[in-house]
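Open the model in your viewer and keep the sequence panel beside it. The tour moves from one selection to the next.

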Amino acid sequence: MQSRTPPGAEPGPIRAEFESRLSAELASVVAGARRRAVRDGDRQIDTAHLLHSLLESDPEVRAVFENGAQVVRLLGYLVQRSIGYGLQWQGTVEDSGPVPMVTSGKETGWSPTAVSAMELALERAEPRGDARALGMDLLAGLVADAECRAVEVLGRAGVDVESLLQRVEAGCRPYASGDHGYLGGTGQGPA
């Protein structure tokens, strides 16, 4: 029997390193992104796969957007990835660094940019004393890189990334006190 997993999408050492430090919800997001990459025939999980899975599964992340219409428009772009928008990405490695990284897809199964976003998500969990990264941490990691595919999709869908990042930061303030409930899409921090 032949594997349906395209070369490079296999789980590798990055998976084990990350999954031990993810909340159950974020582990589910990663699994969804992996399935999406396989289904789309992509070599690696990239930031757009992560964003798509995050929007589908995390209500706190959806709440940080301006409104439901913006989320629907964004999901529309992400769904079109395999049938039109985003086809230019097939067979390419996402790397938004100043010097392109040369990595073996078989080595990680993740694009270098997706690895960076996940590392940032994990770093964000540490100051609040949380051993596990949450969906809001990953969203912050995704929007921190202006050159990544996730930010490109956000821009195409009309999302002001700077405003989104401000709302993410405002919503993440309660996490520092141990409250893991996002404040909502208002962008207002605690009084």
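**Stop one: a single side chain.** Select Val-151. Setting aside neighbours within four places in sequence, Val-151 touches Leu-142, Val-143, Asp-145, Ala-146 and Val-161. Note that this is a predicted model. Val-151 sits in helix H9, which covers residues 149-156. Is Val-151 buried or exposed? Its relative accessibility is 9%, so Val-151 counts as buried, the cut-off being under 20%.

Leu-51 lies 100 residues from Val-151 in sequence. In space, their C-alpha atoms are 9.2 Å apart.

**Stop two: the rest of H9.** Select residues 149-156. Which residues of H9 are buried? They are Arg-149, Ala-150, Val-151, Val-153 and Leu-154. Then step just past the end of H9 to Gly-158, where phi is positive, at about 85 degrees.

**Stop three: H3.** Return to Leu-51 and select its helix, H3, which spans residues 47-57. H3 is mostly covered, with nine of its eleven residues buried. How do they read along the helix? The buried set is Thr-47, Ala-48, His-49, Leu-50, Leu-51, His-52, Ser-53, Leu-54 and Leu-55.

Show the surroundings of H3 next. Which helices do its buried residues pack against? The partners are H2, H4 (59-63), H5 (68-79), H7, H8 and H9. H9 was the previous stop; H2 comes next.

**Stop four: H2 against H3.** Select residues 24-40 for H2 and 47-57 for H3. Two packed helices are described by the angle between their axes and the distance between those axes. For H2 and H3, the angle is about 125 degrees and the axes are 8 Å apart. That angle makes H2 oblique to H3. The crossing is right-handed.

Colour the contact residues on each side:

- From H2: Leu-26, Ser-28, Val-29, Val-30, Gly-32, Ala-33, Arg-36, Ala-37 and Asp-40.
- From H3: His-49, Leu-50, His-52, Ser-53, Leu-54, Glu-56 and Ser-57.

The H2 contact with H3 has seven nonpolar, six polar and three charged residues.

**Stop five: H7 against H8.** Select residues 112-125 for H7 and 135-143 for H8. Both helices also pack against buried residues of H3. The H7 and H8 axes come within 8 Å and cross at roughly 130 degrees. H7 is therefore oblique to H8. Their crossing is right-handed.

Which residues meet here?

- On the H7 side: Ala-117, Met-118, Leu-120, Ala-121, Arg-124 and Ala-125.
- On the H8 side: Asp-137, Leu-138, Ala-140, Gly-141 and Leu-142.

By class, the H7 contact with H8 divides into eight nonpolar residues, one polar and two charged. Pick out Leu-142 in H8. Leu-142 is also among the contacts of Val-151 from the opening stop.

**Last stop: the whole chain.** Clear the selection and zoom out. How many helices and strands does the chain have? There are ten helices and zero strands. Along the sequence, the pattern reads α-α-α-α-α-α-α-α-α-α.

Switch to a surface view. The accessible surface of the chain comes to about 9000 Å². Carbon and sulfur atoms account for 53% of that surface. Of the 191 residues, 47% are buried.

Take the contacts with a separation of 6 or more: residues 24 or more positions apart account for 66% of them.

Technical notes:
Residues numbered from 1 in each chain as written. Predicted model: local features only at pLDDT ≥ 70, side-chain atom pairs only at ≥ 80, totals over all residues. Heavy atoms only, no water. Axes fitted to C-alpha atoms, helices over the stretch in contact; angles between N-to-C directions. Helix = DSSP H or I, 4+ residues; strand = E, 2+ residues; numbered from the N terminus. Parallel < 35°, antiparallel > 145°, perpendicular 65-115°, else oblique. Left-handed = near helix turned anticlockwise from the far one by under 90°. Contact = heavy atoms within 4.5 Å. Nonpolar A, V, L, I, M, F, W, Y, C, P; charged D, E, K, R; others polar. Buried < 20%, exposed > 50% of the residue type's maximum accessible area, 1.4 Å probe, protein only. Areas by Shrake-Rupley, 256 points an atom, 1.4 Å probe, with all protein chains shown as cover.
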